[in-house]
Amino acid sequence: MNTLEILLQQIGLFVIYILAGMILVKTKVLNGETLDPISRFVIKMALPVMIFVNIIDGVERDTLFHSLSILVIAAVFYICMFLISLGMTKLFHLEGDQAGIYQAMTMFGNVGFMGIPIIMSIFPQNGILYVSVFTVIDQLMLWTVGVKLTTPCGKGRFNPRKLINPATVAIFAALFLVITGIKIPQLLDTGLQKIGATASPLAMIYVGGVFACIDIRRYLKELALYGIVLVKMLLIPVIMYGVLHLFTISEEIHLTMALIAGMPAMTSVVMMANSSGSDGDYALGGVFVTTICSIVTLPFICWLLQYI
């Protein structure tokens, strides 16, 4: 299968998982309270385990050093996205808590829940490495700038301990094993693979369940949310892909960074807004609109980049 066919297959699976989550909530098998443990399991165990096992199984030491340019790309990307998101809040006359949440949704994409399985499917050998290196900067920005943006105005302090979380621990532990050449027992590796395989289906089932708990029609009318779709999910990936071609970077990294840039709003923004007492419903509406639109925009971007 070519890149577009692989992407369409992954999008199709996401749609099935999201619909399953919505059905489970509508039929009262799940509810808001029972969805929360699913989210915690994915974030604290399944996703970190998936990252860890795929790095140690599929990454070579030489490939690791050749991918460090992604750190610079990610840093420049987030600086640009911060400035762009600030300009967009002015354009749509957003103020207060909504302005900060809007910036966070514009900056941070759903790399963990959607980006990792998509990139891994397209580039099974090195995809997880590219995303993991990007995630180092992504997590740094999320737990510094992201915390500030999703906290009510005048509040919110950076807690450096937030940078030590299951995802970052999994990344650095796996990179240590790759660099040193240490191998884990085969039985443990197989068990971790099985646990990690649950991350993507459960994450999207959770997302679908959350969507079933909100008034969808209210957010479909929010014009500002479509600004994120137009700028972050359509224009930025194309611009990024074009700019990266000015440098001697592999084609795999070009496409990986472009697709990551085009991901819908990060689900963690909702959780952070809710935990800080900010407007979590607005964040949830943004995740809903951008996720639904990504069913069309991601395949379109992938198709378009093949002709650039």
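User: What should I know about the model before I start?

Analyst: It's predicted, so local features need pLDDT of at least 70 and side-chain atom pairs count only at pLDDT 80 or more, while totals for chains, interfaces and linings use all residues. Residues are numbered from 1 along each chain as its sequence is written, and side-chain values use heavy atoms, leaving out hydrogens and water.

User: How do I read a helix span, say for helix 6?

Analyst: Helices are DSSP runs (H or I, at least four residues), numbered from the N terminus. The expected span is 1.5 Å times one less than the number of residues. Helix 6 (residues 111-122) spans only 14 Å between its end C-alpha atoms, whereas a straight helix of 12 residues would span 16 Å. Now try helix 10: its 13 residues reach 18 Å from first C-alpha to last, close to the 18 Å expected.

User: What caps the N-terminal end of helix 6?

Analyst: Asn110 does, with a side-chain oxygen 3.2 Å from the backbone nitrogen of Phe113.

User: Which residues have a positive phi without being glycine?

Analyst: The general idea is that most residues other than glycine have a negative phi. Two cases to look at here are Lys28, with phi near 65 degrees, and His93, at about 55 degrees. Lys28 lies in the loop between helix 1 and helix 2 and is exposed, with a relative accessible area of 73%. His93 lies in the loop between helix 4 (69-91) and helix 5 (96-107), and it counts as exposed at 68% relative accessibility.

User: Where does Leu235 sit, and is it buried or partly exposed?

Analyst: Leu235 is in helix 12 (residues 223-244) and is partly exposed, with a relative accessible area of 43%.

Technical notes: Helices (H or I, at least four residues) and strands (E, at least two) are DSSP runs, numbered from the N terminus. A polar contact is a pair of N or O atoms within 3.5 Å; within protein, one must be able to donate a hydrogen and the other to accept it, and residues adjacent in sequence count only if both atoms are side-chain atoms. Buried means under 20% relative accessible area, exposed over 50%, partly exposed in between (1.4 Å probe, protein chains only).
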